[in-house]
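Here is a guided walk through one model.

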There are 2 protein chains.
Amino acid sequence: MSQLIRPTMRDVAALAGVSLKTVSRVINGASTVDQALASQVRRAAAQLNYKPNLTASSLRRGDGRSLMIGLMLEDVANPYSSSIYRSAEDVARTRGVGVLAGSLDEDPERERKLAAALFLRRVDGLIIVPAGQDHSYLLHERQMGTALVFVDRPPRFLAADSVVSDNRAGAANGVRHLITHGHRRIAYLGDLTSIATAQERFAGFQDALREAGLALDPHLIRHDLHTIAAAEAAASELVTDRDPPSALFSEQNLVTIGTVRALRRAGLEHRTALVGFDDFPLADLLEPAVTVVAQDPAAIGTLAAEILFRRIDGDASPAQEHVVPTRLIERASGAIPR
Amino acid sequence: MSQLIRPTMRDVAALAGVSLKTVSRVINGASTVDQALASQVRRAAAQLNYKPNLTASSLRRGDGRSLMIGLMLEDVANPYSSSIYRSAEDVARTRGVGVLAGSLDEDPERERKLAAALFLRRVDGLIIVPAGQDHSYLLHERQMGTALVFVDRPPRFLAADSVVSDNRAGAANGVRHLITHGHRRIAYLGDLTSIATAQERFAGFQDALREAGLALDPHLIRHDLHTIAAAEAAASELVTDRDPPSALFSEQNLVTIGTVRALRRAGLEHRTALVGFDDFPLADLLEPAVTVVAQDPAAIGTLAAEILFRRIDGDASPAQEHVVPTRLIERASGAIPR
DNA sequence: CTGAAAGCGCTTACAG
DNA sequence: CTGAAAGCGCTTACAG
């Protein structure tokens with residue numbers, strides 16, 4: 001397997017017997033090239049299997065666009081993240097833009113490092129589901145023209161566009177559904193309190209309780225459950241207590257799954273009501289089917305990408321927070337009566 | 001929000017009062033720079049918030065490495081693809097390499113276009129779950145030094161490394177499990193026959209039947225089911241037939257889910273046995289829990305990335321096919337007797 | 001319509 | 001140890 005030399009415009013020019021600049025014109029589709037010359041150039045390019053070097057042209061080009069955007073997600077392998085990825089990819093593709101993505105695992109240091117790595121590669125913009133609590137480190141890069149859109153969680157110490165779900169109202173709505181079915185002792189199971197969405201959803205949980213004149217029982221509140229296992233353990237403890245809650249509200253995807261496991265193990269899945277935030281695959285096939293407050297990650301990803309490209313195209317209007325509504329999907333688990 | 005000018009090495013050099021080349025040495029960590037000069041340069045760089053331009057340095061650099069790899073998946077949003085993504089990302093990260101990924105949706109034309117887009121950006125290597133049937137179009141690029149690793153499906157009309165699951169043996173093993181439980185009339189539900197893995201798994205299905213002296217009944221074979229809905233329709237038809245199979249073998253993830261839906265709808269989920277190829281989230285929480293032949297996508301992604309980087313680092317040994325074993329996970333659905 | 005020169009931000013190859 | 005010149009592959013700005 002012999003190594004070939006990658007042909008350049010210079011090589012194409014030599015073969016076609018024209019100047020470098022003429023090749024450049026043909027490759028870039030300039031209309032001002034003589035038909036005969038142009039096809040001569042195209043023939044030479046095809047013969048050499050010439051492929052333009054986008055990285056070189058972007059270096060010289062006035063706008064300096066790399067035709068790449070960055071995408072920083074919690075974890076490319078989780079369904080929420082990957083659904084955002086896919087919709088952003090589809091928007092980027094229509095513009096010939098590539099997506100450079102990475103996972104943060106809720107680690108603020110990783111956020112900074114990955115952002116730095118993306119900026120070294122001069123991405124034209126960045127869509128970020130942030131892990132950290134201070135985004136002022138992005139200010140300088142933004143001032144140098146890199147577009148920035150926050151997703152799922154708003155920026156802190158930085159004014160930038162964001163696309164978030166209706167977390168607080170959505171959570172309140174889910175809890176209200178339980179209250180409607182007669183529940184008074186409703187437990188809360190939530191992810192890391194450092195995550196803005198967890199805070200918002202917990203606030204919504206409290207809103208619904210307050211509205212109904214129910215007191216917040218601290219024994220029924222479990223925060224900082226970041227894995228399925230942690231959620232399962234916490235839920236087990238709650239439902240096997242001598243004074244157990246009659247309903248559970250789980251703040252997130254994995255927490256809901258851990259909670260379902262705990263209920264199964266205790267044989268209580270048809271006795272204890274459950275509403276979860278975030279829909280998940282097969283939630284409707286479980287017994288009982290799980291009632292959820294669903295986000296629309298595909299819509300979120302599409303909107304975020306559209307805003308990003310508008311900024312890349314020069315939109316300089318003030319930063320805005322865009323709120324995407326959530327939707328209560330009533331299945332069986334939320335309708336279990338007290 | 002005023003637009004700042006992005007500082008270059010030239011600016012840092014001017015501020016530090018040294019030559020461009022000295023700045024280059026400091027930024028690249030050359031050891032031969034005077035301590036005092038070096039810290040002077042670092043101070044200037046920090047003051048200007050200088051960030052090197054990786055794209056420019058890679059252009060000039062001898063090896064021409066972009067420090068990016070491409071990743072072409074079926075769909076970044078499906079769990080199998082995104083799990084490969086994540087493990088490849090982890091390997092790439094340890095080397096400071098970025099991942100540029102995209103979805104093919106089983107479309108050969110999209111495969112070619114995305115590959116071309118990645119090559120324009122001069123990725124150092126490409127991990128590909130191919131959609132098309134002819135990969136000779138990649139030959140020229142490979143000859144110019146771009147590393148190539150195929151995943152899930154072997155290359156055709158091109159010699160290149162690949163990492164695939166033990167598809168045929170794994171499928172045979174799953175079907176054998178059903179035969180062990182007394183089944184003689186076993187239906188097959190499979191994805192597009194254009195997909196190599198579907199062909200292999202169907203071959204494994206036939207192997208197990210032949211081994212047990214069972215005839216292949218064409219009425220029980222359903223190919224080209226590419227969506228959950230298609231699989232559900234086909235499975236419904238099969239199980240509501242007047243002479244229905246007593247067991248089903250589903251060749252893939254989504255097909256299995258569609259099949260479960262059909263069984264539920266017919267109220268046969270505890271009567272008709274089922275083994276699926278591919279594990280999926282919550283398979284163990286369904287009623288009955290679904291027996292599967294599991295692949296190990298994380299191991300596949302890690303191995304593919306390691307092989308790719310070995311090639312990028314200059315390994316010129318002959319291309320190899322690496323087979324990753326599958327594993328039968330016995331849950332309840334496969335043990336339903338005839 | 002076509003091309004020779006300069007330059008994007010950096011590194012190589014060479015002198016001092 | 002440090003720097004001036006040349007050049008990576010391309011486009012810009014300008015002449016003809």
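How do the residues of the surface near DNA strand C divide into nonpolar, polar and charged? The surface near DNA strand C has ten nonpolar, nine polar and six charged residues. Please keep in mind as you read on that this is a predicted model.

Now turn to DNA strand D. Around DNA strand D there are 25 residues, of which A:Ser24, A:Ser57, B:Thr32, B:Asp34 and B:Arg60 come nearest. Two or more residues of the surface near DNA strand D come from each of helix H2 (20-27) and helix H4 (54-60) of chain A, and from each of helix H2 (20-27) and helix H4 (54-60) of chain B. By class, the surface near DNA strand D has ten nonpolar, nine polar and six charged residues.

## Domains of chain A

Chain A is divided into domain 1 (9-52), domain 2 (68-165 + 297-324) and domain 3 (167-296 + 328-335). Between the C-alpha centres of domain 2 and domain 3 of chain A the distance is 29 Å. In the contact of these two domains of chain A, 13 residues of domain 2 meet eleven residues of domain 3.

Which elements of chain A supply at least two residues of the side of domain 2 that touches domain 3? They are helix H5 (79-93), strand E5 (161-165) and helix H12 (297-312) of chain A. H12(A) gives the largest share of that side, with four residues. The side of domain 2 of chain A that touches domain 3 of chain A has nine nonpolar, one polar and three charged residues.

## Where chain A touches chain B

The contact of the two chains takes 45 residues from chain A and 45 residues from chain B. On the side of chain A that touches chain B, at least two residues come from each of H4, H5, strand E2 (98-103), helix H6 (108-120), helix H7 (139-143) and helix H11 (253-266) of chain A. E2(A) supplies the largest share, six residues. By class, this side of chain A has 21 nonpolar, 15 polar and nine charged residues.

## Helix H5 of chain B

Next, find helix H5 (residues 79-93) of chain B. Its 15 residues should span 21 Å at 1.5 Å a residue, and the end C-alpha atoms are 21 Å apart, which agrees.

## A six-stranded sheet in chain B

Chain B holds an open sheet of six strands with mixed pairing, in the order E7-E6-E8-E9-E10-E12. At the edges stand strand E7 (221-222) and strand E12 (327-329) of chain B; each has a single partner strand, so one side of each is left without a neighbour in the sheet.

The partner to look at is strand E10 (residues 291-294) of chain B, which pairs with E12(B) in the antiparallel sense over three bridges. Within this part of the sheet, B:Val292 stands opposite B:Ile329 in E12(B).

## Backbone details in the loops

Most residues other than glycine have a negative phi, and most peptide bonds are trans. Some places here depart from that pattern. The peptide bond from A:Glu287 to A:Pro288 is cis, with omega near -5°, and A:Pro288 has its place in the loop between strand E9 (273-277) and strand E10 (291-294) of chain A. In chain B, a cis peptide bond joins B:Glu287 and B:Pro288, with omega about -5°. The loop that holds B:Pro288 runs between strand E9 (273-277) and E10 of chain B.

Turning to phi, A:Asp224 is not a glycine, yet its phi is positive at about 60°. A:Asp224 sits in the loop between strand E7 (221-222) and helix H10 (228-239) of chain A. Is A:Asp224 buried or partly exposed? With 13 other C-beta atoms within 10 Å, A:Asp224 is partly exposed.

B:Phe157 also has a positive phi, near 60°, and lies in the loop between strand E4 (147-151) and strand E5 (161-165) of chain B. B:Phe157 has 11 C-beta neighbours inside 10 Å, so it counts as exposed.

Definitions and conventions. Residues numbered from 1 in each chain as written. Chains lettered and ligands numbered in written order. Predicted model: local features only at pLDDT ≥ 70, side-chain atom pairs only at ≥ 80, totals over all residues. Near = placed C-beta within 6 Å. Nonpolar A, V, L, I, M, F, W, Y, C, P; charged D, E, K, R; others polar. Domains from an automatic or database assignment. Contact = placed C-beta atoms within 7 Å. Expected span 1.5 Å × (residues − 1). Pairing = 2+ DSSP bridges. Buried ≥ 20, exposed ≤ 12 C-beta atoms within 10 Å, placed from the backbone.
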